[in-house]
Amino acid sequence: MTAIANSPVSTVSSSSDSAASASAIDAVTLAALAAFPDQLAAHFALFPVEARHWAPASWAGVPSEPLTALEQLCHCRDIEIDGYQQRIRRTLAEDDPLLPSLDTDALVRERRYGEDDPAAALAAFARARRETVAMLAAITPEQLTRRARFEGYGPLSFKSLIHYLCSHDQQHLAGLQWVLGQYEASRLEPR
């Protein structure tokens, strides 16, 4: 038990602590969701300016959608607002709604992710995530069991949906690290 008490999770800010104590969603998941905007910004900051639009010759093995660093930011922003926030609202308001998946490739093209401003995308995402965490801070134990059907995933509970959101975050941190690894490998001199 001592290891858990001294873990980074126990050092979450008091605003996250108060949200977690009022919510039926576990504190670990809420803390991870609240911390993600800063983690996303820090991972993106690892990319040199010239690598923000870089794409590998092959996307084989990428742990997220095949997106450049800048496209990853825009994707997280849009999936938060048009995806998960809408899914959360619908699951809470409707009986067993069908929650559609979003077409990432279409969003990249239609919203011209490659031309977006990284600072604006990060700021919009951070605002949206604060709204999401605020919504989740008021969740009751009864609401955790509300059901929905998520296109591509199947039946789920509200609690499942929140874990999928947290998983989505982690996939994009991994995706950014993967793209950065591919970029660095591409810069090696041939032997």
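A crossing of two helices is called left-handed if the near helix is turned anticlockwise from the far one by less than a right angle, and right-handed if it is clockwise. In this predicted model, helix α4 passes helix α6 in such a left-handed crossing, and α6 also passes helix α8 in a left-handed crossing. Local features need a pLDDT of at least 70, side-chain atom pairs count only at pLDDT 80 or more, and totals for chains, interfaces and linings use all residues. Residues are numbered from 1 along each chain as its sequence is written, and side-chain values use heavy atoms, with hydrogens and water left out.

**Helices α4 and α6**

- Helix α4 covers residues 69–93 and helix α6 covers residues 118–137, where helices are DSSP runs (H or I, at least four residues) numbered from the N terminus.
- The two pack at an angle of about 25° with their axes 9 Å apart, the axes being lines fitted to C-alpha atoms over the stretch in contact, and the angles running from 0 to 180 degrees between N-to-C directions.
- α4 and α6 are therefore roughly parallel to each other, a term for angles under 35 degrees, while those over 145 count as roughly antiparallel.
- In their contact (heavy atoms within 4.5 Å), the residues of α4 include Leu70, Leu73, Cys74 and Cys76, and those of α6 include Pro118, Ala121, Phe125 and Thr132.
- By class, this contact of α4 with α6 has 14 nonpolar, two polar and five charged residues, with Ala, Val, Leu, Ile, Met, Phe, Trp, Tyr, Cys and Pro counted as nonpolar, Asp, Glu, Lys and Arg as charged, and the others, Gly among them, as polar.

**Helices α6 and α8**

- The axes of α6 and α8 (residues 158–186) come within 13 Å and cross at roughly 155°, and the two helices are therefore roughly antiparallel to each other.
- Arg129, Thr132 and Leu136 of α6 make the contact with Phe158, Ile162, Leu165 and Asp169 of α8.

**Thr132**

- Thr132, found in helix α6, is buried with a relative accessible area of 1%, where buried means under 20%, exposed over 50% and partly exposed in between (1.4 Å probe, protein chains only).
- Not counting residues up to four places away in sequence, Thr132 touches Glu80, Gln85, Ile88 and Leu165.

**Cysteines**

- With a disulfide taken as a pair of cysteine sulfur atoms within 2.5 Å, the count comes to zero disulfides.
- Cys74 is in no disulfide, and its nearest cysteine sulfur, that of Cys76, is 9.5 Å away.
- Cys74 counts as buried at 0% relative accessibility, and Cys76 counts as buried at 2%.

Notes
Parallel < 35°, antiparallel > 145°, perpendicular 65-115°, else oblique.
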